Amino acid sequence: MKQEYFDNFQEKFDKEYDNLVKNIKKPNILLIGGTGVGKSSLINLVFGSDIAKVGVGKPVTKNITAYENEKIPIVLFDTAGYEIGTERQKDFFKHVVEFATGEKTNPIEKQIHLVWYCIQGSGHRITELDNFIISTLQKHNIPVAVIFTKCDLITYKELNLLKKELNYSSTFGVTISSEPTPQYLDLNNLIKWSVKVLPIGVKEAFIKAQKINLDIKKEKAKSIIVQHTASSAVIGLSPIPFSDAPILIANQAGMFARILHIYDLNWLNSKLTMLLKGVGVGQLIAQGGKLLVANLLKLIPGAGQIIGGIISGTVAASFTAALGFAISEICFNIYQFVLNGEDEKLKEYLENIDLNNLIKKHYKNQT
C-alpha cells in the first residue's frame with residue numbers, strides 16, 4: 001500500500017475528531033435545588049466531574065452562574081442554594097423562573113434546554129412553591145425532570161408516595177451510594193428521558209457527556225455506523241481498486257472519529273494511563289483501525305476471489321459496518337469495566353484485544 005493511503009486515514013481521523021470537539025453544540029441545563037440536596041453529587045455521577053468546581057463560572061444573574069468545562073460538552077446553569085422557608089425563597093425562584101422562561105426567545109444555543117429540579121427525598125416534603133415553579137416552567141414548554149435525591153435514606157414506598165403527592169409524570173429517584181455497587185434507582189431513566197426531550201441539535205453532546213447509560217452511547221454509535229455503511233455502499237456502486245479509494249478510507253476514518261467521540265474515550269484516557277503504559281485508548285483504537293483498513297483484503301473471508309483488489313459496494317459496506325461495530329464493542333466493554341471499577345479485568349481485556357478476529361466476526365454478521 002502507498003504511504004498516502006495511511007496518511008489519508010490518519011489525517012481524516014484527526015481532522016474529523018478535532019471538528020467534532022470544536023463544533024459540538026452544547027445543551028444548557030438549569031439545575032435547581034435547595035442547600036444540601038445533593039446537586040453536586042448528582043452532576044459528578046452523571047458527567048464524571050463536578051462542573052461547578054472544576055469548570056469556569058460566569059455569573060448570569062444574581063442567583064445563577066453558568067459553568068463550562070472544555071472537556072464536558074454541556075453548560076450547567078447552577079442556582080445558588082437556599083434554605084426552605086426563608087423569606088427570600090420566593091424572590092429567589094421568581095428570578096430563576098424569569099431567567100429560564102425569558103431565554104425561549106433566544107437562539108437555541110442560548111436557551112435553557114432542560115431543567116433538573118432537585119428535591120431531597122429524605123426531607124419527605126414537597127412545598128407549594130415547588131409545585132408552582134414546576135408548573136410554570138411546564139407552561140413555557142421547558143422540559144423539567146423532578147429528581148428526588150438521597151433516596152437511599154427512604155423506602156421505595158416513601159419514594160412512591162412523594163411521586164404521587166407531586167402528581168407529575170417526569171419524576172426520578174436517585175441515590176449516590178458509597179457501596180461498591182451503587183443503587184442508582186431511576187438514574188438510567190433520567191438519562192433516557194433527558195435525551196428524548198432535548199432538541200435534536202444538542203442531543204449528541206449530552207449523550208457524549210453523560211457517563212451512566214452505555215446503551216444510549218451504543219445506540220448512537222449504531223446509527224453512526226449505519227450512516228457510514230450506507231455511504232460506503234454508494235461509493236462502491238462502481239467496482240473500484242480499494243487501495244486507490246481515498247474517499248472510502250476517509251468515510252471509514254470519519255466513522256472511527258465519531259464513534260470514539262460519542263463514547264468520549266478521551267475522558268477514559270486519564271483513568272487508563274497506567275494500564276495502557278501511556279498509550280491513550282483513542283490512539284490505540286485509531287492506530288489499530290488504520291492498520292485494519294489498510295489490510296482489508298487479508299481480513300475478508302474469501303478475499304482471494306476479489307480479483308486484483310477490486311471491491312464492490314456490497315463488500316465496502318459490509319466491511320465498513322464490521323469496522324464500526326468492532327470499535328463500538330471495544331469502547332463499550334472498556335467503558336463498562338471502568339464504571340464497574342474492574343481494573344484487573346480491564347487490564348486483561350486490553351492486553352488481549354484481537355482486532356482482527358473482531359473484524360472477521362462482525363464482517364460475517366454483515367454477509
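**Note on rings, a hairpin and cysteines**

1. Tyr17 is buried, with a relative accessible area of 10%. Buried here means under 20% relative accessible area, exposed means over 50%, and partly exposed lies in between (1.4 Å probe, protein chains only). Phe13 is buried too, at 8%. Both residues lie in helix H1 (residues 3-23), four residues apart, about one turn of the helix. Helices (H or I, at least four residues) and strands (E, at least two) are DSSP runs, numbered from the N terminus.

2. A word on the basis. This is a predicted model, in which local features need pLDDT of at least 70 and side-chain atom pairs count only at pLDDT 80 or more, while totals for chains, interfaces and linings use all residues. Residues are numbered from 1 along each chain as its sequence is written, and side-chain values use heavy atoms, with hydrogens and water left out.

3. How many aromatic pairs does the structure hold? There are seven. One of them joins Phe13 and Tyr17, which are stacked at 6.2 Å centre to centre with 25 degrees between the planes. Rings of Phe, Tyr and Trp (its six-membered ring) pair if their centres lie within 6.5 Å; planes under 30 degrees apart count as stacked, over 60 as edge-to-face and the rest as tilted.

4. Phe13 is buried, as noted. Phe172 and Trp193 form a tilted pair, 5.9 Å centre to centre and 55 degrees between the planes. Phe172 sits in strand S7 (residues 171-173) and Trp193 in helix H7 (residues 187-197), so this pair ties together parts 21 residues apart in sequence. Phe172 is buried at 6% relative accessible area. Trp193 counts as buried at 15%.

5. Ring pairs also link Phe47, Trp116 and Phe206 into a cluster.

6. What sits over the ring of Phe332? The charged end of Lys218 does, 5.0 Å from the ring centre. The criterion is NZ of Lys or CZ of Arg within 6 Å of the ring centre and within 35 degrees of the ring normal.

7. Strands S3 (residues 64-69) and S4 (residues 72-79) pair in the antiparallel sense over six bridges. Strands pair if DSSP finds at least two bridges between them. Two residues separate S3 and S4, and the strands form a hairpin. Ile64 has Thr79 in S4 as its bridge partner.

8. The whole structure was searched for disulfides, with zero found. A disulfide is a pair of cysteine sulfur atoms within 2.5 Å. Cys151 is buried, at 5% relative accessible area. Cys331 is buried as well, at 0%.
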